[in-house]
Amino acid sequence: MPSESYYKYFQPNRIQYLLLGDTLICERCSEQNYYSEKCDFCARMVCLACEKAAKRVNKTRRWVICKDCWGDLKIRSKWKSI
Ligand SMILES: [Zn+2]
Ligand SMILES: [Zn+2]
């Protein structure tokens with residue numbers, strides 16, 4: 001089931017709410033933030049502070065890894081092989 005921040009981000013009727021100063025809650029540190037991105041390994045919406053790295057594989061695909069997944073050696077070797 002998608003998280004609440006997922007709905008805030010993608011429901012069209014919520015967009016204005018967001019623009020009026022609503023914040024997203026990071027699913028890793030629970031801080032409020034205005035920007036969050038989905039970690040491609042644990043699928044949580046994480047804030048910039050929790051995002052460890054991001055890389056662009058081609059023009060359209062951007063991969064994001066959070067600090068928790070970065071600490072997992074199996075996931076990190078996956079990340080290196082992307
Ligand atoms: Zn965070
Ligand atoms: Zn993650």
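This is a predicted model: local features need pLDDT of at least 70, side-chain atom pairs count only at pLDDT 80 or more; totals for chains, interfaces and linings use all residues.

Visitor: How many helices and strands does the protein have?

Guide: There are four helices and six strands. Their order along the sequence is α-α-β-β-β-β-β-β-α-α.

Visitor: What percentage of the residues count as buried?

Guide: The protein has 82 residues, and 17% of them count as buried.

Visitor: Which residues make up the largest nonpolar core?

Guide: The general idea comes first. In soluble globular proteins, nonpolar side chains tend to be buried together. Here, the largest nonpolar core has 10 residues. They are Leu24, Cys26, Cys39, Met45, Val46, Cys47, Cys50, Ile65, Cys66 and Cys69.

Visitor: Which elements give two or more residues to this core?

Guide: Those are β4 and β6 (62-66). The largest share comes from β4, with three residues.

Visitor: Take Val46, a member of that core. What is Val46 in contact with, leaving aside its neighbours within four places in sequence?

Guide: Val46 is in contact with Cys26, Glu27, Arg28, Ser36, Glu37, Cys39, Glu51 and Cys66. Of these partners, Cys26, Cys39 and Cys66 also belong to the core.

Visitor: Now the backbone. What should I know about phi?

Guide: Most residues other than glycine have a negative phi. Ser30 is not a glycine, yet its phi is positive, about 65°. Ala43 also has a positive phi of about 65°, and Ala43 is not a glycine either.

Visitor: Where are Ser30 and Ala43 found?

Guide: Both are in loops. Ser30 lies in the loop between β1 (24-25) and β2 (32-33). Ala43 lies in the loop between β3 (36-38) and β4 (45-47).

Visitor: Why does Ser30 count as exposed?

Guide: Count C-beta neighbours inside 10 Å. The cut-off for exposed is 12 or fewer. Ser30 has 8, so Ser30 counts as exposed.

Visitor: And why does Ala43 count as exposed?

Guide: Ala43 has 12 C-beta neighbours inside 10 Å, so Ala43 counts as exposed too.

Visitor: Try the count on Asn33. Where is the place of Asn33?

Guide: Asn33 sits in strand β2. Asn33 is partly exposed because 17 other C-beta atoms lie within 10 Å.

Visitor: What distance separates the C-alpha atoms of Asn33 and Ala49?

Guide: The distance is 9.7 Å. Along the chain, Asn33 and Ala49 are 16 residues apart.

Terms used: Residues are numbered from 1 along each chain as its sequence is written. Chains are lettered from A and ligands numbered from 1 in the order in which they are written. A residue is buried if 20 or more other C-beta atoms lie within 10 Å of its own, exposed if 12 or fewer, and partly exposed in between; C-beta atoms are placed from the backbone. A nonpolar core is a set of buried Ala, Val, Leu, Ile, Met, Phe, Trp, Tyr and Cys residues joined through C-beta atoms within 7 Å. Two residues are in contact if their C-beta atoms, placed from the backbone, lie within 7 Å.
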